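Dear colleague,

I am passing on to you the structure that we spoke about, with the sequence alongside. Please open both before you read on.

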Amino acid sequence: VTPAPVGGRGRCGALVPAAGRGERLGRGDPKALRLAGGVPLLVHAVRTLASAPSVDVVVVAAPVGRVEDVRALLADVQGAQVDVVEGGAERQDSVRLALAALPADVDVVLVHDAARALAPVALIEAVAAAVRAGTEAVVPGIAVADTLKQVDADGTVVATVDRSSLRAIQTPQGFRRSVLADLHANAKPTDEPLTDDAGLAEAAGIHVLVMSGSDEAFKVTRPIDLLLAETVLAQRDSGSA
Ligand code: CTP
Ligand code: MG
């Protein structure tokens, strides 16, 4: 059964969890405020979301204690209304807090990691379009490049996993607003915090569609990812990407 397309104007809001510390990136500011091409990762992400034709409003979950700094950084963003709230202890908390600040007339929601700062407009538009067309939950994914092995606690290989059926999942992840709101309202605290929102949908038995992701939607996680971000930005500047 295909759900009905989103009716009415289908106003679209993007939630941007940006409250993480960036432990894997190492010493320094919270990750969302670290620079690539001289501009904070969060500013790249919000500028691109706001410039996407689909996106009407952006709500950022800022690092604890940095709400005013983030508001100032985003003050001149064009193309969408931008609101900033303080994030929470886990990513899931940050998304829930941003969702609570979303205007009532938004019915398509994108959740997009600030750390995926260079995700292109075309990907944002494709995810939003899938939700408008009636998909309850949609995530971008790309094929896995490495050979994947399951290991035990001693580091001994248990098995080689067939990677052909695996996808590395990115953001923006798109949801019908009512679906995401129900998921977060009913989410129980788990021992292992979820690293994305589709995980909540899967646990609730909701159909999650995987669509083609983008190499440029990589997550800045480790120091080498900042080098990649610099290179992608330099190539964009030179007009060749
Ligand atoms: N995030 C958040 N609130 C948290 C934790 C994470 O909003 N309490 C956000 C991050 O800012 C990031 C996204 O969720 O944009 C994905 O998380 P991740 O890449 O793990 O970022 P960090 O948690 O900051 O990095 P690390 O796990 O290395 O500390
Ligand atoms: Mg993290």
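The model is predicted, so local features are given only at pLDDT of at least 70 and side-chain atom pairs only at pLDDT 80 or more, while totals for chains, interfaces and linings use all residues. Residues are numbered from 1 along each chain as its sequence is written, chains are lettered from A and ligands numbered from 1 in the order in which they are written, and side-chain values use heavy atoms, with hydrogens and water left out.

Ligand 1 sits in the largest pocket. A pocket here is an open set of points on a 1 Å grid over the protein atoms alone, where a 1.4 Å probe fits and protein lies on both sides within 12 Å along at least five of seven lines, and a molecule sits in it if more than half of its atoms lie within 2 Å of its grid points. There are 18 residues around the ligand (a heavy atom within 4 Å), and those that come nearest are Pro 17, Glu 23, Arg 24, Ser 94 and Lys 219. By class, this shell has eight charged residues (Asp, Glu, Lys and Arg), six nonpolar ones (Ala, Val, Leu, Ile, Met, Phe, Trp, Tyr, Cys and Pro) and four polar ones (the others, Gly among them).

Among the polar contacts (pairs of N or O atoms within 3.5 Å), an oxygen atom of ligand 1 is 2.8 Å from a side-chain N or O atom of Arg 24, and an oxygen atom of the ligand is 3.1 Å from a polar backbone atom of Ala 18. A nitrogen atom of ligand 1 lies 3.0 Å from a backbone N or O atom of Ala 89. On its own the ligand has 560 Å² of accessible area (Shrake-Rupley method, 1.4 Å probe), of which the protein covers 87%.

Ala 80, in the loop between α2 (67-73) and β5 (81-86), counts as buried because its relative accessibility is 16%.

Finally, a cis peptide bond with omega of about 10° joins Thr 171 and Pro 172.

With best wishes

Conventions. A polar contact is a pair of N or O atoms within 3.5 Å; within protein, one must be able to donate a hydrogen and the other to accept it, and residues adjacent in sequence count only if both atoms are side-chain atoms. On a 1 Å grid over the protein atoms alone, a cavity is a set of points where a 1.4 Å probe fits but cannot get out, and a pocket is an open set with protein on both sides within 12 Å along at least five of seven lines; lining residues have an atom within 4 Å of a point. Helices (H or I, at least four residues) and strands (E, at least two) are DSSP runs, numbered from the N terminus. Buried means under 20% relative accessible area, exposed over 50%, partly exposed in between (1.4 Å probe, protein chains only).
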